[in-house]
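Trainee: Could we walk through this model together? I would like to learn how to read it chain by chain.

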Amino acid sequence: MNSSYLFSILATASIFTLLALSLNIITGYAGQAMMGIAAFFGIGAYTAAIITTHDGNFLLALLAAMIVSGVFGAVLGVISLRLQADFLAITTIGINFVMAAVFNSLKITGGTLGLTTSKPVIFGLKMNNMYFFIFTTILIVIVCLLITKMRHSWFGMALASIENDPGAARSFGINVSKYQILAFIIGTALAGLTGGIYSHRMGFISSTDFAFVVSIQIVSMCVIGGLGTLRGPIFGAVVLTVLPEVLRFADNYRELVYALLLVIMVRFMPEGLLGDDSPVWKFLVGLFRKIKPRKKTRADLIAEKAKAGEYELSGEGGQA
Amino acid sequence: MKKFLSILLILCMVFMFAACGGETNEGGEEGGGEAALPEVIKIGFFAPVSAPSAAADGLSSLNSAKLAVKLINENGGINGSTVELVDMDDGLDTTEAANIAEKLAYDDSVVAVVSGSYSGPTKVAAPIFQEAGKLMVSAYAVHPDVVNAGDLIFSQSFPGKLQGTAAAIYANDTLKAKKIAIISVDLDFGATQIEAFKAQLEKMGSDAEIVYEQAIAISDSDMSSAVTAAAAAGADLIYSVNYYEQAAQVLREVGQKGLDIPVLGTEGADSFELLNIAGEYANGLYITTNMNRDDQNAETQAYIENYEAEYGIQPDMVGASVYDAFQVLFAAMKEVGVDTQAMRDYIAGMQNFDTVTGTLIRYNEDGSAVKPVQIQLVTNGEYHSAGVIDDMEVIDPANYQ
Amino acid sequence: MFTQQLMNALAIGSVYALTAMGATLIYGILGILDIANAGAYLIGAYLGWYIYYGTGSIVLAFVLSIVAVGILGILIQKFIYSPILAKPNTLSIIPLVAAVGLFTMSSDLVRLICGPYSLSYNFDFGVTSIKIGPVVLVPAWILIFALTAVLLLILWIILNKTKLGLAWRATANDPEIAKVCGVNTNNAMALSYILGYGFAAAAGIMVGILYNSITPALGEVPSYKMLAIIVLGGLGNPLGTVLAGLIIGFTEVFLSAYTSIPIPKDAIAFVVLIIMLLIKPEGLLGQKNKI
């Protein structure tokens, strides 16, 4: 295996990881059925490509990609308040198709011919696959740190409560609308940023790169890894990008094996391979604990208390 | 969490070092070896074999690539060296195409590459090969910018604009069309051809007018509304810039509705699949293409015969184009060996090279082929020659920049 | 031209209605957006082709293919969807991912087994076209109209005149209450899948005859377009689906006939859908009305 090939795969894997993380904010943390993330990926990709082909700075182009995509995301967020789960899923699928059609027909997006980008230069470095991989990985680390922080903030708690039960969240005085829209903005802005990186790493984009199948692919990554966790989408994105290359020896049967694995996974582990409730994850955690027993965290204590509480509760239930 | 992130970072570092190590190793293995031909000459190849929507063209491409390699080896190889095909499936996915391109471009045993894929994958792969210093011949990708990636990229088929121009000349001069309806596929294939078609009509001062125009998504098989509207607009010619599936549906619509409007198609309709789907309604279809099945040229007849014998089906334009891309490479290797620069110079200087898809007059400076445009007419369920447009004014891509 | 376009629209609308009916019936009971239904459509078309070429009888092709694909439907429901849905707190997109996997598998299996090239029914109606005044009718359309009517009638009889149909309607209305009242909801689910996949198979053969071409990519367009149609029709409402199919058919035909705005047909269905959802978020006929 030569290094260019390896870095090409790694660059793709890191880009899809970032994209999967963006979807995870909307679908995993806020629980909104987003099936059209590729539309926002595309908005970012085209925005950044248009700017750099007009001699704009690459980093500024990425910023613009985030903003434009986030603005569209805010509109979708507002719309999402009106729609329940399946309707939202279909609406976002629809948005994906409409945006792909728009990319394919606007003059500024190059129409059917798409847009050709040149490799950007950051701090004097001409970006190749290795630099794109490093750049994106740094972004992934930053995003992960921010998400971890967010999860422990008021915003994260609010999102979790919305995901569990929007009605109850509302009755606790949480402004559900505000947080839900915010989740859409953050998620889509991140998708836009990823798109900006993607269009420059590929050198050429056309509307088919942002088709519905891409959205499905990203959803699959999150679901296979485990929605609503950080490790899940990362794991899923890496596996689903690397798998087709690993299966290259069986060119003709790749799609079939890929699809079969998808079905088996979802059938036997709908919570994802590394989801919180997944037996694989529990096993791994158990293994880790055995090797290095650790201090009881607050979460463990709460869990223990809850267990104790459960006994009391069931006791009361018995009397009634 | 922090632990997890640091592990992630460390993993990345390890990957990088491992990769860099790999690079230096490989650089050392191959070194000289320019003078003599290697015992086994490897030629890279990619086509969309596993994507259900593109697999028909993918398989035609792969079949032809295998046939080309098999025949050259049966006939003594390249000056005694055997040719080996390194075939890859791009699944019609540009990110996969980028991976494959990196793999082939930096594999030192692969001496040149043929693209048997569509515009998207080929367009993404071209700059990668250019940068790696590897020669690529694109068989049938129509995107006009493929060849602009650099001097190592050639296109074996003529540009879409040229075909549109030839179609306009034929529609005006021979078919005497006055009211033309355009039904085209909403892709670069359609867009480039109709643009050139309209420009040429204007340039010629033709009195033909465009009475109806509709771009149709590649996924759509329903042509009833477009054909009905074209007929209602009084069209006396339908210019169908579609691939075979949709072109066949246009023909079926015209035939079943009993409309007496001739249809002019493109190389996209040059497939046995069209004849199967449209059946009797295919008769009377004109197409602009590069393959002349009536050509008594030994190359063409041998290819058709061999392909049918090997696979039991007829070859199509896509397959023939791939076969020719290999013939171009074989010819260069026989003369100048496998050095990239030598091959490049040889191919750039090729003149009047006989291929299955017509005489390759020469390559234009940008790397696109200069070829006469064949007009074929379907009669009795077979493609037959109905003319050729070989005016250098028209077919020289230099005139379309 | 207007009447001709009207007929064109009616034909394509019926095709859409027929194609989306299977997914509607499944959504009505299980609440799954079953993209894999397009796989049933694809497999149905191919099975039908082999049966037609093996026996020479198109009726046999329809009947056997519907039955075989219907059985396949029950197996998929029993062994794949039911276990997924049985787990608590399943997000609605999880069965959707399973459906996408199943659909991809079906397309790829067909490609590997039957080859990537198109197959043609070459079904001979005996006449090429029927002229009524200025309007030309293609015989395949008459078959489509007839088939749509017959299948809808059968559906209506099953749902309204049989005990199983009563169970289906009860389950569609409220599965919990139905269960409490002693309705065998498992049977209702099985019925959904037989009918849902059977309908898809019939639609696949129909479209194969209409366009005289089936390829492994046959299911790609229906896989998403039918989602737009069933939602427009009010998710799980068979009558709404027919109406929605016709609306999409008419919009597509008339937009392409009288305008040249560059919206591909794929997008039209979704534009119509999004506009409607913004105005009337519960779907065209509301949810789960009866046929």
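Mentor: Gladly, and let us begin with a term: pLDDT is the predictor's confidence in each residue, from 0 to 100. This is a predicted model, where local features need pLDDT of at least 70, side-chain atom pairs count only at pLDDT 80 or more, and totals for chains, interfaces and linings use all residues. Residues are numbered from 1 along each chain as its sequence is written, while chains are lettered from A and ligands numbered from 1 in the order in which they are written.

Trainee: Which element of chain B has the lowest mean pLDDT?

Mentor: Elements here are DSSP runs numbered from the N terminus: helices (H or I, at least four residues) and strands (E, at least two). Chain B has 13 helices and 15 strands, and its mean pLDDT is 88. Strand 9 (residues 263–265) of chain B has the highest mean, 97, and the lowest, 48, belongs to helix 1 of chain B.

Trainee: What radius of gyration does chain B have?

Mentor: The radius is taken over C-alpha atoms, and the globule rule is 2.2 Å times the number of residues to the power 0.38. For 401 residues a compact globule would be near 21 Å, and chain B agrees with that at 23 Å.

Trainee: Which helix of chain B gives the most to the side that touches chain A?

Mentor: Residues are in contact if their C-beta atoms, placed from the backbone, lie within 7 Å. By that rule, 34 residues of chain B are in contact with 33 residues of chain A. Helix 1 (2–29), helix 3 (94–105), helix 4 (119–132) and helix 6 (188–203) of chain B each supply at least two residues of that side. The most, 10 residues, comes from helix 1 of chain B.

Trainee: Which helix of chain A supplies the largest share of the side that touches chain C?

Mentor: This contact takes 33 residues from chain A and 36 residues from chain C. Helix 4 (85–105), helix 9 (212–225) and helix 11 (254–268) of chain A each supply at least two residues of the chain A side. The largest share, 12 residues, is from helix 4 of chain A.

Trainee: How is helix 3 of chain C set against helix 8 of chain C?

Mentor: Axes are lines fitted to C-alpha atoms, for helices over the stretch in contact, with angles from 0 to 180 degrees between N-to-C directions. Those of helix 3 (residues 58–86) and helix 8 (residues 185–211) of chain C come within 7 Å and cross at roughly 140 degrees. Angles under 35 degrees count as roughly parallel, over 145 as roughly antiparallel, 65 to 115 as roughly perpendicular and the rest as oblique. Therefore helix 3 of chain C is, relative to helix 8 of chain C, oblique.

Key:
Contact = placed C-beta atoms within 7 Å.
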